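I opened the file and kept notes as I went. The entries follow the order of my look-ups.

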Amino acid sequence: MPKLIVWKQEDVQRELQKRLKAAREGRLEFEAQWARNERSLMNISNEMLDAQSLYGSFQSLDGVDSSSSRIGVNKNLKNFRLIHSQISANPPTVIPRPASNDKEDRHKADAADRLIRYGLRQYSMMERFDQLGFQCLLYGTGFNKCVWDPEAGELVAADSKGNMLMEGDFSISVPSTWDVYPDPDPSIWDDVRYVFEGTWMSLEEAVFHFPDHEERLKKEAKDVSDARAAYNNDRPGYGHPLMIQRRQEVVYVLQYWEKGLPYNGFLGRFCWCLPDGTPLTQVTENPNQFTRAKTMADKLRERDGETVIRPKRAYLPYNCFTDIDFPNTYWGASVLSYSADLQDTMNNLDSATLETIEAHGVPRLILPEGAEVADDSITNSPWDIVKITGSMPPHFMENAQMPRDVPAFRQVLNQGIDDLWGVNEALFGQQSREQSGFSMQYAVNQSNLIRRRFFNKYVSVVENTYKMYLNILKENWQDTRIIQVLGKEKAFESIEMSGADIDGGFDITVEYGASLSLDPVSRKQEIMTLAPYFEKAGVSMVTILKMLKLNELDNLYDRTTQADDRQREIFEKIIASGKQIEPKPLQDHDLMLAYSYDYVMSAEFQYLSEETQALIEKHIEMREKMAAERKAKAAEGQQMMGIMPPPPGGMPPGGGGMPPLA
């Protein structure tokens with residue numbers, strides 16, 4: 001039988017140092033490009049970085065021509081914001097689906113749906129996904145992190161010695177790509193064994209968390225203005241210009257996460273350490289552990305009285321999101337890596353054009369040798385006087401002219417940047433020539449096709465994040481909690497929830513493109529396009545107009561499923577109580593009967609007892625009788641008003657058309 005590998009205390013520092021070194025060396029080839037991407041997106045030229053301080057104010061240095069102008073149009077920023085807005089404007093829809101038609105599974109799927117709606121608002125999920133998309137588009141790789149934070153939530157108890165007991169809560173964050181050091185060996189993210197995550201912590205906070213290492217932490221503490229450069233001088237990332245200057249002592253500490261593997265008993269490892277591998281805490285089990293979800297086989301065994309053991313397994317709390325795939329590695333590349341050179345060249349052309357224009361305003365007078373210029377004739381006017389030999393009369397030097405091919409070459413560079421980003425004028429809503437709406441839509445679809453792989457990975461990372469979110473709540477919400485959640489019919493509800501409510505019985509599916517556009521005008525047009533279908537489904541035009549004002553497509557769908565929801569609730573009450581529930585006269589019998597007919601054909605109905613089946617069938621018969629009586633009364637009312645019902649396929653009497661033949 002394989003033997004578990006347990007780290008000895010004297011070997012911890014050496015093992016952590018070895019793994020951190022390998023993780024840092026494994027991403028060195030990407031770091032220089034990350035720094036360059038930042039400069040390109042923020043329109044900071046390499047010349048400016050070389051001639052000026054990264055952390056101080058811009059200052060002119062000796063030997064640098066301070067009169068030269070630098071200008072450019074940041075096309076990368078424009079295209080970056082467009083793609084970033086695309087994934088933010090149309091987020092994937094997360095839908096929990098029951099694993100079977102069993103009533104318990106449906107309840108668990110409904111509980112998961114409510115927790116997803118709760119987390120979307122409570123933990124600002126969309127904001128975190130937007131931050132993740134920013135990191136991915138900028139560096140080519142982004143990470144998010146989902147953990148249970150025992151120091152979050154409400155204060156449960158405290159004593160006079162300063163000991164505090166917190167309720168704990170779910171936490172989702174997006175660490176900087178610069179501060180994540182994964183296992184460098186695997187080629188896909190699912191095979192990554194461990195991850196180091198660095199964070200800057202104030203000295204006060206570090207001493208609070210690691211009081212046994214106070215003296216060492218004080219030696220490691222430094223002012224943050226030079227902390228990055230001092231940590232490792234050969235890493236370009238610690239000199240990038242986006243570092244925020246803060247005047248306080250900080251310490252760079254790292255978390256070590258190792259997922260559950262056979263050689264660690266599937267429990268993983270976790271600890272805090274310093275950059276040299278010095279452990280700040282004991283190496284413990286990975287706290288991010290999940291129990292296998294309860295399956296239908298587990299339920300059947302429990303019903304038979306058997307004891308079902310579901311072991312826990314530790315997982316990494318990180319999800320990886322990449323843009324352009326690199327072969328044989330989980331790291332990705334950004335479009336900025338390819339378009340930065342084009343933008344720099346285009347900016348150089350713009351700067352040269354500006355300098356040429358400025359030169360046209362500086363006349364240079366050429367004088368023969370021996371000519372004298374009075375001192376009082378020199379003024380602040382930007383005139384340069386050049387002395388020459390020979391008998392040539394004084395004249396003005398002609399300014400340099402820009403080559404004729406510069407505008408055309410600049411247009412080629414401009415188009416090249418758009419081609420790399422996969423954008424066209426239709427995607428920006430521009431129209432250079434007259435064309436049909438179908439052509440515009442086709443151009444937009446073809447433009448988005450280049451990002452199909454990117455959107456697929458976005459759907460995948462959203463799905464993994466929500467699965468991790470539900471697993472964390474399932475493991476840690478042992479006691480019942482009352483939450484405020486926005487229900488399906490847009491009403492806030494106070495619901496008691498616990499982790500047991502989402503223990504198996506469902507799975508989640510994530511769909512992209514299921515939401516309306518962010519632009520209000522586009523949203524209204526899309527609702528108007530769908531209006532005839534909603535009207536045929538039984539939603540009145542008055543209701544559609546109300547929703548059109550509020551742009552609430554979800555409410556329209558809720559109206560189409562109201563009858564199904566009410567009828568399902570009635571059947572569940574009949575099954576739970578074993579008693580008959582009579583239908584009410586003013587309900588929408590036609591739509592509720594449509595659901596009833598589908599229900600009696602389902603496998604769930606077939607597994608009910610004969611007594612329960614008889615109650616449901618009797619309920620359907622009573623509803624059919626009420627529906628028939630309502631239709632009969634409506635027909636009688638029309639006859640009393642002199643309105644005859646139209647014959648099948650014909651026109652009502654007096655309804656127009658051709659007069660009868662004589």
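Where is the place of methionine 164? I found methionine 164 in strand 4, which spans residues 164–166. I kept in mind that this is a predicted model.

Next I checked cover. Is methionine 164 buried or exposed? Methionine 164 has a relative accessible area of 55%, so I logged this residue as exposed, the cut-off being over 50%. I then looked for a patch. Met164 belongs to a nonpolar patch on the surface, along with Leu155 and Phe208. Together the three have about 360 Å² of accessible area.

I moved on to strand 9. This strand covers residues 249–258. I noted it as mostly covered, with nine of its ten residues buried.

Which strands pair with strand 9? Strand 7, residues 194–202, pairs with strand 9 in the antiparallel sense, over nine bridges. Strand 10, residues 269–273, also runs antiparallel to strand 9, joined by five bridges. I followed glutamine 255 across both pairings. In strand 7, glutamate 197 stands opposite glutamine 255. In strand 10, tryptophan 272 is the bridge partner of glutamine 255.

Last, the cysteines. How many disulfides are there? I counted zero disulfides. I looked at cysteine 320 to see why. Its closest cysteine sulfur is in cysteine 136, 8.1 Å away. A disulfide needs the two sulfurs within 2.5 Å, so the sulfur of cysteine 320 is too far for a bond. I also looked up cysteine 146. Its relative accessible area is 0%, so cysteine 146 went down as buried.

Terms used
Residues are numbered from 1 along each chain as its sequence is written. This is a predicted model: local features need pLDDT of at least 70, side-chain atom pairs count only at pLDDT 80 or more; totals for chains, interfaces and linings use all residues. Side-chain values use heavy atoms; hydrogens and water are left out. Buried means under 20% relative accessible area, exposed over 50%, partly exposed in between (1.4 Å probe, protein chains only). Helices (H or I, at least four residues) and strands (E, at least two) are DSSP runs, numbered from the N terminus. Two strands pair if DSSP finds at least two bridges between them. Patches are made of residues with over 30% relative accessible area and no salt bridge: like charges are joined within 9 Å, nonpolar side chains (Val, Leu, Ile, Met, Phe, Trp, Tyr) within 5 Å. Accessible areas come from the Shrake-Rupley method with a 1.4 Å probe; for residues, only the protein chains shown count as cover. A salt bridge is a side-chain nitrogen of Lys or Arg within 4 Å of a carboxyl oxygen of Asp or Glu.
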